[in-house]
Each structure stands twice: as structure tokens, then as C-alpha cells.
Amino acid sequence: MASTSVTRALRILTLVAHADKPVTLKQIAEDLEIPKSTAHGILRDLTQERFIDACEPVGYTVGLKAFEVGAAHLRIAGVSGVISSELVDLSRTLDLTAHYAVLDGTEAVYLYKQDPVNAGIQLASSVGARLPSHLTAVGKCCLAWLRSEDVPEHVHTTRAEGLGRLREELLRVREHGHATDDGQVASGVQCIAAPVFDPAGLRGAVGISFLKGGFPDLNTATEAVRESAARLTAKLGGVQR
């Protein structure tokens with residue numbers, strides 16, 4: 001249970017930000033195990049500061065100020081334009097959705113996304129979304145360059161056989177330089193990703209998503225993703241592994 005008002009406010013903001021629809025006061029209080037009166041007071045303050053928006057019927061969504069704070073992270077990182085332009089080129093080349101993600105704890109967090117022009121269907125990732133790292137192509141790329149003994153701390157599976165299969169897959173990712181997701185996150189959707197490095201080591205991963213069977217040549221798609229990751233690595237001053 002959260003012990004301070006600041007911690008509670010941050011957990012409320014996180015809960016609301018990751019919800020697909022407005023979150024009610026009751027749901028917030030129950031999910032975070034805090035008194036409704038306390039949650040209501042924090043929500044009032046967050047709404048007043050525009051980190052949270054109140055909507056009808058009574059519910060709460062993430063506010064504009066929260067976006068501004070999140071965008072500051074990308075700005076301070078100093079690579080927003082580099083990554084965005086590379087995703088635009090990759091998306092246009094393949095006419096597919098392209099995205100960039102980093103590893104945060106056990107999850108892959110999507111920081112950038114580029115949909116193809118006039119896309120009839122937008123797939124999988126959204127900016128700010130978190131998905132289990134061991135199920136996503138971008139997440140597997142990040143996990144593959146962890147030390148082997150660190151991998152269990154970054155996955156949700158507790159079954160030894162599942163962890164063994166994952167480690168074998170991560171070895172293949174390191175060997176081939178890319179990872180795949182064949183419907184593990186969304187049925188019928190395939191993903192291909194490759195790792196991006198900076199001078200300090202692994203930075204993140206760039207990937208694409210498409211309907212299964214919707215791309216005629218997987219080798220072409222894989223090579224385009226690997227080349228995109230290599231260009232990003234070079235622009236960031238890293239060395240492709």
C-alpha cells in the first residue's frame with residue numbers, strides 16, 4: 001500500500017494513464033487499496049493541475065500536463081528526431097507500422113510509433129503502451145542482451161521449462177540479430193524487431209507489425225528492420241552487435 005500522498009498520486013496517475021477507458025473513483029480506490037475519500041482528494045488536486053481530466057459519466061482520464069511531462073523525457077533524451085525520422089522511412093519503405101521500444105523492468109515500453117500513410121488497420125502498439133517483454137519482438141531483443149542470470153528477473157513466467165525455452169530463443173536472437181513475435185501478443189499479428197545500441201550498450205529496439213500472411217517476403221521485411229536498427233545505432237554512436 002502506498003504510504004505517502006505523493007506516491008498515491010503517482011500510482012493513481014499511472015493507473016489512469018494505462019487504462020483504455022475512463023476510470024471510476026471506485027475502481028481507483030479498490031485497485032490501489034486506498035480509501036475513497038483519500039483517492040477523491042488526490043484526484044481533485046490532479047484535476048486542478050490538469051494531470052487528470054474528469055469526464056462524464058463520472059470517470060477520469062489522463063490530462064494534458066501528464067503528456068507534457070512524458071514528452072519532456074523524449075526531448076531531454078535528445079534523440080527524438082533521429083528515431084522518429086527513421087521510423088517514418090521504415091514505415092514508408094515497407095508500408096507497415098513501425099515502432100521503437102525500450103525495456104523497463106519486465107515490460108517493453110513503446111516510445112515512438114509510425115503508421116503507414118492511409119493505413120486501413122492500425123496494429124498492436126501505441127505510444128506509452130507496456131507489454132510483457134518476453135512476448136514481444138522488441139522486448140525479446142532487449143532481453144537478449146541482458147546477462148543470462150538477469151533474464152528471470154525480467155520475465156513473468158515461473159515455470160522452469162518456459163524459462164528454458166525463452167533462454168534458447170534469446171540465444172537465437174543474439175545469433176541472428178533480430179527477434180519475432182508470431183501472434184504471441186495479438187492473434188494474427190506478426191512482429192519483427194532488431195536491437196539498437198548506443199555507446200553504453202543496448203538502447204532499445206526498432207520493429208514492425210503486420211497481419212500474418214500480409215507481407216509477401218519475410219526476408220525482405222527482416223532485412224529492412226535490421227538495416228533500420230543499424231542506421232539508428234550508427235547515428236547514436238553505438239556499435240551493432
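## Report on a predicted protein model

Serine 133 is buried, its relative accessible area being 0% (buried means under 20% relative accessible area, exposed over 50%, and partly exposed in between, with a 1.4 Å probe and protein chains only). The model is predicted, and local features need pLDDT of at least 70, side-chain atom pairs count only at pLDDT 80 or more, and totals for chains, interfaces and linings use all residues. Residues are numbered from 1 along each chain as its sequence is written, and side-chain values use heavy atoms, with hydrogens and water left out.

**Overall make-up**

The protein has 8 helices and 8 strands; helices (H or I, at least four residues) and strands (E, at least two) are DSSP runs, numbered from the N terminus. Of its 241 residues, 41% are buried. Among contacts with a separation of 6 or more, 53% join residues 24 or more positions apart, where contact means heavy atoms within 4.5 Å.

**Serine 133 and alanine 108**

Serine 133 sits in the loop between strand S5 (130-132) and helix H6 (137-144). Leaving aside neighbours within four places in sequence, serine 133 is in contact with Leu103, Thr106, Glu107, Ala108, Gly139, Lys140, Leu143 and His154. Alanine 108, one of these partners, belongs to strand S4. Alanine 108 counts as buried because its relative accessibility is 1%. With neighbours within four places again left out, the contacts of alanine 108 include Val102, Ala129, Arg130, Leu131 and Val138.

**Nonpolar cores**

In soluble globular proteins, nonpolar side chains tend to be buried together. A nonpolar core is taken here as a set of buried Ala, Val, Leu, Ile, Met, Phe, Trp, Tyr and Cys residues joined through side-chain atoms within 4.5 Å. The largest such core has 24 residues, of which Leu87, Leu90, Leu94, Tyr100, Val196, Val206 and Ile208 touch the most other members. Two or more residues of this core come from each of helix H5 (80-94), strand S3 (97-104), S4, strand S7 (189-198), strand S8 (201-211) and helix H8 (218-235). H8 gives the most, with 5 residues. Beyond its neighbours within four places in sequence, isoleucine 208 has contacts that include Leu90, Leu94, Cys191, Ile192, Ala221 and Val225. Apart from this core lies another, of 22 residues, among them Ala137, Val155, Val173 and Ala179.

Glutamate 86 is placed in helix H5 and counts as buried at 1% relative accessibility. Its side chain is joined to that of arginine 231 by a polar contact of 2.7 Å. A polar contact is a pair of N or O atoms within 3.5 Å; within protein, one must be able to donate a hydrogen and the other to accept it, and residues adjacent in sequence count only if both atoms are side-chain atoms. Not counting residues up to four places away in sequence, glutamate 86 touches Ser228, Arg231, Leu232 and Lys235.

**The largest pocket**

The largest pocket has a volume of about 1000 Å³. On a 1 Å grid over the protein atoms alone, a pocket is an open set of points where a 1.4 Å probe fits, with protein on both sides within 12 Å along at least five of seven lines, and lining residues have an atom within 4 Å of a point. Grid points are joined across faces, edges and corners, and the volume is the space filled by probe spheres set on the points. There are 30 lining residues, and Ala17, His18, Gly70, Val127 and Gly128 lie nearest the pocket centre. Helix H1 (5-17), strand S2 (59-62), helix H4 (64-77) and strand S4 (107-114) each give two or more residues to the lining; H4 gives the most, with 7 residues. By class, the lining has 20 nonpolar, 7 polar and 3 charged residues. Ala, Val, Leu, Ile, Met, Phe, Trp, Tyr, Cys and Pro count as nonpolar, Asp, Glu, Lys and Arg as charged, and the others, Gly among them, as polar.

**Loop residues with positive phi**

Most residues other than glycine have a negative phi.

| Residue | Phi | Loop |
|---|---|---|
| Aspartate 95 | about 60 degrees | between H5 and S3 |

Arginine 50 is partly exposed, at 42% relative accessibility.
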